[in-house]
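Student: I have a new model open and want to talk it through. Can we start with how you count a touch between residues?

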Amino acid sequence: GSTAQTFLPALKKFGTRAQAALMRRLTIMGAIAGASVSCAAGAVSLGFPQLFTSDPALIVIMESIAPLAMAALLGHGALLAGEGWMLASENPLDRKFLGNTYFLM
C-alpha cells in the first residue's frame, strides 16, 4: 500500500499507462507475497501446532480454522496494493469509497 502511495504520484507526469503498469506489478507482487504468507501460515499451523500450544483440544480447533486463515491471507497483499492506489489517487470518489469501507469495518 505505501509503495503505491509513494510512487504513483511521481508517475503522474508519465500518464495513466505508467501508473497502471506500476499497479499491475504491485498487485502481482502483493498476490505472490500473500500466497507465500498463506502457505507459510498454513504449513506452520498445520504441521507444527505444538509451537503455539500443547493443548490437544486447541490443536484440533487450530487445524479446523487453518484453511480460513490461509484464505484470508491469500488476497491480503493484492488488497493492500489496491488500498494504496486509492489513497494515492486524486479522485475523491476513491477516497470516499475507502473511507466508507474503513467505517464499515
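This is a predicted model: local features need pLDDT of at least 70, side-chain atom pairs count only at pLDDT 80 or more; totals for chains, interfaces and linings use all residues.

Student: Good. Then what does G77 touch, not counting residues up to four places away in sequence?

Tutor: G77 touches G30, A31 and G34.

Student: Which helix holds G77?

Tutor: G77 lies in helix α4.

Student: Is G77 buried or exposed?

Tutor: Buried. The relative accessible area of G77 is 17%, and the cut-off for buried is under 20%.

Student: Let's zoom out. How many helices and strands are there?

Tutor: Five helices and zero strands. Along the sequence the pattern reads α-α-α-α-α.

Student: What are the spans along the principal axes?

Tutor: The C-alpha trace covers about 60 × 30 × 15 Å.

Student: What is the radius of gyration, and what would a compact globule of 105 residues have?

Tutor: The protein has 18 Å, whereas a compact globule of that length would have a value near 13 Å.

Student: What share of the residues is buried?

Tutor: Buried residues are 23% of the 105. The protein exposes about 7300 Å², and carbon and sulfur atoms supply 71% of that area.

Student: What about contacts with a separation of 6 or more?

Tutor: Of those, 51% come from residues 24 or more positions apart.

Student: On to the core. Which residues make up the largest nonpolar one?

Tutor: Seven residues: L8, L11, L22, M23, L26, A81 and A88. The elements that give two or more residues to this core are α2 (16-47) and α4 (76-88). Helix α2 gives the most, with three.

Student: Take L11. What is it in contact with, leaving aside neighbours within four places in sequence?

Tutor: L11 is in contact with A18, Q19 and L22. L22 is also listed in the core.

Student: Now S38. Where is its place?

Tutor: S38 is in helix α2.

Student: Why does S38 count as buried?

Tutor: Because its relative accessibility is 4%, and buried means under 20%.

Student: Which residues does S38 touch, not counting those up to four places away in sequence?

Tutor: M70, L73 and L74.

Student: And A41, buried or partly exposed?

Tutor: A41 is partly exposed, with a relative accessible area of 29%. A41 is in helix α2 as well.

Student: How far is A41 from G15?

Tutor: Their C-alpha atoms are separated by 39 Å, and the two residues are 26 apart along the chain.

Student: Last topic, charges. How many positive and negative side chains are there?

Tutor: There are 7 positive and 5 negative side chains.

Student: Where do the centres of the two sets lie relative to each other?

Tutor: They lie 23 Å apart.

Technical notes:
Residues are numbered from 1 along each chain as its sequence is written. Side-chain values use heavy atoms; hydrogens and water are left out. A nonpolar core is a set of buried Ala, Val, Leu, Ile, Met, Phe, Trp, Tyr and Cys residues joined through side-chain atoms within 4.5 Å. Buried means under 20% relative accessible area, exposed over 50%, partly exposed in between (1.4 Å probe, protein chains only). Helices (H or I, at least four residues) and strands (E, at least two) are DSSP runs, numbered from the N terminus. Contact means heavy atoms within 4.5 Å. The radius of gyration is taken over C-alpha atoms; the globule rule is 2.2 Å times the number of residues to the power 0.38. Accessible areas come from the Shrake-Rupley method with a 1.4 Å probe; for residues, only the protein chains shown count as cover. Lys and Arg count as positive and Asp and Glu as negative; His and the chain ends are not counted. The place of a charge is taken as NZ of Lys, CZ of Arg, CG of Asp or CD of Glu.
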